[in-house]
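My notes follow in the order I took them.

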Amino acid sequence: MVRFDDVWLTYRRAGPPGEGDPEVLRGLTFEIPAGGFRWLTGASGAGKTSVLRLMTMAVRPFRGRISLLGADVANVNRREAAFLRRRIGVVYQDFRLLNHLSVYDNVALPLRLARRAEADIREQVFDLLHWVGLLQKCHARPPALSGGEQQRVAIARAVVGRPKLLLADEPTGSLDEEQAERLMLLITALNQAGTTVVVATHSVALPRRYPAPRLRIADGRLLEEDIAGASGGG
Amino acid sequence: MAERVDALGLRTGKADRLLPALVAAQSFVAALALAGALAAAALAGDWRGETASALTVQVTSPNDPARDGSATRIAEVLTRLRDTPGVAAAHQLTPDELDALLRPWLGADAAALDLALPAVITARWTGGASAPLAAALDSVAPGTLVTTGAGWAGRVATLTASIRACAVAILVLVALVAAAAVAIATRARLALERGTIEIIHGLGALDSDIAGRFANRATALAAFGAAAGTVAALPVLAWLTALAAPFAAGIGAPPDLPSALLLALPALTPAAAVIGWGTTQVTVRRWLRGVA
């Protein structure tokens with residue numbers, strides 16, 4: 001489902017390529033089976049977000065191979081990459097909502113990209129907005145919402161297309177305890193329904209409360225792959 | 001123009017609102033260039049045709065006996081002309097026609113001056129070089145002068161070809177400038193919409209989804225601008241046509257110039273639309289390669 005094989009990532013600096021480019025990730029190798037759940041943990045700046053960016057094909061590895069949903073990322077063209085992205089839901093740390101669109105239209109975006117019928121879109125979006133408790137604010141624009149509410153819109157948008165792979169970068173960071181609990185229940189439910197889930201967090205408490213295999217990153221390296229006490233498959 | 005948002009969250013924005021005006025200006029110039037190209041083509045065709053084949057023969061002392069003494073010089077020249085392959089419609093100008101021809105130089109009472117004028121024969125000549133014919137006529141009527149329109153026609157044809165090439169060059173230049181205007185407007189809109197595009201790209205938007213929406217708008221704006229510019233050029237073209245009418249009539253320009261132009265002008269709008277669509281597609285797709 002997701003496989004990293006000796007993956008290195010550098011971000012280009014000005015000047016000749018390869019010289020002095022900082023290594024963000026160094027030789028990551030791991031595999032997450034279909035339907036698996038992984039916590040991606042580590043301190044801020046450890047490289048968690050870079051791992052997620054590689055999984056969304058926002059960046060390409062400097063070295064190594066990545067396989068996503070059965071596709072070798074190095075061999076997919078731009079069109080195939082777009083279709084692959086439609087099967088991946090992402091909850092970004094900074095939400096990445098379109099501030100000029102309503103809550104409803106933000107959540108509907110993935111379905112519109114997939115050219116789903118407007119009637120289907122309406123039903124699914126309203127269901128999700130009801131679930132995340134934002135049905136009353138479906139016409140509001142994101143800037144009019146609190147951080148927690150924007151986070152919930154971002155979550156709804158990430159899961160509305162029923163992705164095969166769900167990636168979340170600090171998804172509970174802006175949520176209160178109750179909303180965080182609801183989100184984790186949703187993520188767990190999606191995972192039990194077969195969605196592969198990777199949740200990046202710097203929280204120590206969250207993985208303890210929801211035990212699942214953990215990929216611990218420090219200084220761009222995979223320190224340990226703790227698959228003991230797995231509750232989420234794989 | 002109010003800002004609108006499409007289903008993918010892309011805004012119409014204000015970055016390209018000047019595009020119709022820019023394309024309108026280009027279309028205006030293109031319409032004038034197109035008129036110039038068509039007019040030059042018509043003139044070139046005319047000069048290559050009738051004028052180039054015009055043959056004029058001046059026979060001095062026309063009523064004197066020819067060299068062999070069998071007939072007058074003019075009669076012998078006419079006979080030779082009618083017997084020569086490549087010569088058609090040989091016609092001796094009547095005194096009235098000769099007076100009309102000389103009137104601009106000698107005045108209305110040219111006939112009263114009692115000048116020893118040569119007889120003038122006009123004909124159509126398709127026999128190539130006229131030197132052998134001139135020699136043959138000179139042998140029966142010494143001093144006979146033979147001229148054709150080929151020399152003038154060649155020079156004028158070169159001139160009109162140059163004018164036409166200039167007009168075509170202007171059309172190409174206008175197309176390039178229009179494409180540049182579209183590309184600049186597109187890049188400005190892309191810069192404004194970068195955040196939105198990065199997000200929908202991350203959600204799985206195809207390059208064709210994004211480029212198509214940009215291209216559709218650019219096509220509409222370019223077509224609107226081109227139509228406006230073409231319509232604005234019509235009165236100017238009508239005025240220029242009126243100015244050129246006496247000259248065109250004098251040299252026998254074909255009367256279908258306006259209709260040819262009217263048939264060609266509507267092509268400017270779809271041409272601008274194609275330039276708008278193609279340029280935007282290329283610009284957006286190249287830009288997207290820098291996104292991810």
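I started with helices H3 and H5 of chain A and found that their crossing is right-handed. The model is a predicted one, so I read every value below as computed from that prediction.

I looked up which residues make the contact. H3(A) contributes Val103(A), Asn106(A), Val107(A) and Pro110(A), and H5(A) contributes Val153(A), Ala156(A) and Arg157(A). By class, I noted 5 nonpolar, 1 polar and 1 charged.

Next I took the geometry. H3(A) covers residues 103–113, and its axis lies 7 Å from that of H5(A), at an angle of about 30 degrees. Angles under 35 degrees count as roughly parallel, and H3(A) and H5(A) are therefore described that way.

I then went to Val159(A), which belongs to helix H5, residues 147–159 of chain A.

Last, I turned to chain B. Its 4 strands form an open sheet, ordered S2-S3-S1-S4, with antiparallel pairing. I marked S2 (87–92) and S4 (145–148) of chain B as the edge strands, each pairing on one side only. The twist from one strand to the next averages 20 degrees. Between S1(B), residues 54–59, and S4(B) I found 4 bridges. Across that pairing, Thr56(B) stands opposite Thr147(B) of S4(B).

How values were computed
Residues are numbered from 1 along each chain as its sequence is written. Chains are lettered from A and ligands numbered from 1 in the order in which they are written. This is a predicted model: local features need pLDDT of at least 70, side-chain atom pairs count only at pLDDT 80 or more; totals for chains, interfaces and linings use all residues. Side-chain values use heavy atoms; hydrogens and water are left out. Two strands pair if DSSP finds at least two bridges between them. Helices (H or I, at least four residues) and strands (E, at least two) are DSSP runs, numbered from the N terminus. Axes are lines fitted to C-alpha atoms, for helices over the stretch in contact, and angles run from 0 to 180 degrees between N-to-C directions. Angles under 35 degrees count as roughly parallel, over 145 as roughly antiparallel, 65 to 115 as roughly perpendicular and the rest as oblique. A crossing is left-handed if the near helix is turned anticlockwise from the far one by less than a right angle, and right-handed if clockwise. Contact means heavy atoms within 4.5 Å. Ala, Val, Leu, Ile, Met, Phe, Trp, Tyr, Cys and Pro count as nonpolar, Asp, Glu, Lys and Arg as charged, and the others, Gly among them, as polar.
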